[in-house]
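Here are some notes for a colleague who is opening this entry for the first time. Please read them with the sequence and the coordinates side by side.

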Amino acid sequence: MANDSWRDAAPTRRDTIKYGGAALGGGLLAGCTDNVGYSGADTEGKYSVTMAPVGSVEFEEAPERVVHYFPDYGDMAVALGHGDSILSMGLPSRYHTTHYEELNGVSVDAESLTRLSDNGIDRELFYELDGDLHLIDPEWLINNSAFKLEESDIEEVGNTVAPFIGNTIFRRTDEWHDYRYYTLYEAFEKVAKIYQEQERFTQLKQFHDDVLADVQADLPSADDRPNALLTFAAANEPEAFYPYRVSDQGTNKKQFRDLGITDALADTGIEGLSTTERGQIDYETMLEVDPDSILIRGHENKSRAEFEDTVLAFMKDHETASELTAVQNDMVFRGGPIYSGPLHHLFLLERYATGYFPEAYSGELFDRGELAAIVTGEE
């Protein structure tokens with residue numbers, strides 16, 4: 001159960017706090033109020049952003065130094081032209097940035113990012129980073145025992161360094177997440193307001209909507225779309241897999257939903273990674289399901305060819321795995337990142353459209369130059 005103190009604006013919460021410490025000279029304020037629709041219009045220059053579970057946070061200007069945990073929110077910042085504001089990632093290795101290389105003028109210095117999670121999260125690290133904002137769902141930090149953070153730690157950091165705002169959106173299977181979820185673009189819109197980049201957000205959303213409409217117009221009929229078994233196994237010669245559920249409404253499954261890829265584990269009784277005791281499945285269990293396709297996460301640093309030469313080659317030579325329909329039909333793919341933001345999603349949509357339906361899609365499915373121009377402000 002989530003901690004109620006982070007819920008939308010209890011009247012007993014502080015009204016405002018100093019935002020960002022003395023280094024900002026009082027330039028930013030943040031607070032929670034019981035009026036979640038407050039826009040700040042009565043005070044020149046101020047604006048507020050409301051997001052569960054924290055409630056409303058008030059700003060006087062866009063933050064320039066932002067502490068991140070989730071790469072999907074980092075991708076949002078880059079998309080809005082504020083990649084240089086990112087100070088950290090929970091695990092920088094999970095922030096995959098190669099798609100920026102295809103967008104002229106778009107980049108992020110991923111090597112400079114501080115790693116937040118290292119055998120727990122040291123509360124003092126938030127003081128060292130001295131961000132203007134913590135764009136992290138506080139419930140994620142409190143409810144993951146590996147982080148070793150208490151509610152009091154988050155309260156103190158929020159009051160003395162900078163406030164928290166954010167919502168865990170990449171999956172929807174955590175019992176403690178009993179407050180509102182957001183779709184990818186609902187969360188993205190909140191981040192755009194934080195950075196005061198509403199116009200750029202509108203352009204990016206229209207670009208996404210147009211690309212998605214074009215792709216979906218050419219999809220095969222529902223009966224001709226395969227199901228998928230989504231798993232995690234980082235080894236090049238995997239023998240056991242952690243299962244995910246494609247049917248989960250989290251944002252990291254959006255590209256599969258967009259393409260009408262169904263869940264091979266439906267009605268099998270096999271649960272997903274985050275809803276079990278981290279149980280694994282082997283090839284014998286996979287053969288009982290015999291999915292149309294298999295998606296294996298943990299290989300985002302490989303190209304398609306490298307994945308085929310290692311993981312798929314091993315499966316083709318394996319006594320049991322070689323009996324799987326997906327292996328025989330070369331329908332085994334990299335499973336994509338755990339956290340994917342709006343820019344990354346477009347490349348994933350293209351990857352899986354062309355991989356699953358090569359008869360309908362080939363080449364580039366969207367204009368890189370047009371997308372880059374929106375991100376860089378040249379559109």
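Predicted model: local features only at pLDDT ≥ 70, side-chain atom pairs only at ≥ 80, totals over all residues.

The points below cover a helix, the salt bridges, a charged patch and some backbone details.

1. Helix H5. This helix spans residues 184–194, and its buried residues are Leu-184, Tyr-185, Ala-187, Phe-188, Val-191, Ala-192 and Ile-194. Viewed down the axis of H5, these buried residues fall within an arc of 160°, so they line one face of the helix. After H5 comes Gln-196, with a positive phi near 55°.

2. Salt bridges and the pair Arg-368 and Glu-102. The whole structure contains 17 salt bridges. One of them joins Arg-368 to Glu-102, with the closest N and O atoms 3.0 Å apart. Arg-368 belongs to helix H12 (residues 368–376), while Glu-102 sits in the loop between strand S6 (88–89) and strand S7 (114–115), so the pair ties together parts that are 266 residues apart in sequence. Arg-368 is buried, at 10% relative accessible area, whereas Glu-102 is partly exposed, at 41%. Both residues also belong to a network of salt bridges that links Glu-102, Glu-350, Glu-364 and Arg-368.

3. Arg-123 and Glu-156. A salt bridge connects these two residues, the closest N and O atoms being 3.1 Å apart. Arg-123 is in helix H2 (residues 123–129) and Glu-156 is in helix H4 (residues 151–160), so the bridge ties together parts 33 residues apart in sequence. Arg-123 is partly exposed, with 26% relative accessibility, and Glu-156 is partly exposed too, with a relative accessible area of 33%.

4. Glu-197 and Arg-200. Here the closest N and O atoms of the salt bridge are 3.4 Å apart. Are the two partners buried or exposed? Glu-197 is buried, with a relative accessible area of 16%, and Arg-200 is buried, with 15%.

5. A patch of negative charge. On the surface, Glu-237, Glu-239, Asp-282, Glu-284, Glu-288, Glu-319 and Glu-323 gather in a negatively charged patch. Glu-323, one of these residues, is placed in the loop between helix H9 (304–317) and helix H10 (325–328). Its relative accessible area is 46%, and Glu-323 is therefore partly exposed.

6. Gln-249. This residue lies in the loop between strand S10 (240–243) and helix H7 (254–258). Gln-249 is partly exposed, at 41% relative accessible area. From C-alpha to C-alpha, Gln-249 and Ile-169 are 9.0 Å apart in space, and they are 80 residues apart in sequence.

7. Backbone details to check. As background, most residues other than glycine have a negative phi, and most peptide bonds are trans. The peptide bond from Ala-52 to Pro-53 is cis, with omega near 10°. Pro-53 is located in the loop between strand S3 (47–51) and strand S4 (55–59).

8. Two aspartates with positive phi. Asp-130 is not a glycine, yet its phi is positive, at about 50°. Asp-130 sits in the loop between H2 and strand S8 (133–135) and is partly exposed, with a relative accessible area of 32%. Asp-290, also not a glycine, has a positive phi of about 45°. Asp-290 is found in the loop between helix H8 (283–289) and strand S13 (293–297), and it is partly exposed, at 28%.

How values were computed:
Residues numbered from 1 in each chain as written. Heavy atoms only, no water. Buried < 20%, exposed > 50% of the residue type's maximum accessible area, 1.4 Å probe, protein only. Helix = DSSP H or I, 4+ residues; strand = E, 2+ residues; numbered from the N terminus. Arc of directions from axis to C-beta. Patch = residues over 30% accessible without salt bridge, like charges linked within 9 Å, V, L, I, M, F, W, Y side chains within 5 Å. Areas by Shrake-Rupley, 256 points an atom, 1.4 Å probe, with all protein chains shown as cover. Salt bridge = Lys/Arg side-chain N within 4 Å of Asp/Glu carboxyl O. Lys, Arg positive; Asp, Glu negative; His and termini not counted. Charge placed at Lys NZ, Arg CZ, Asp CG, Glu CD.
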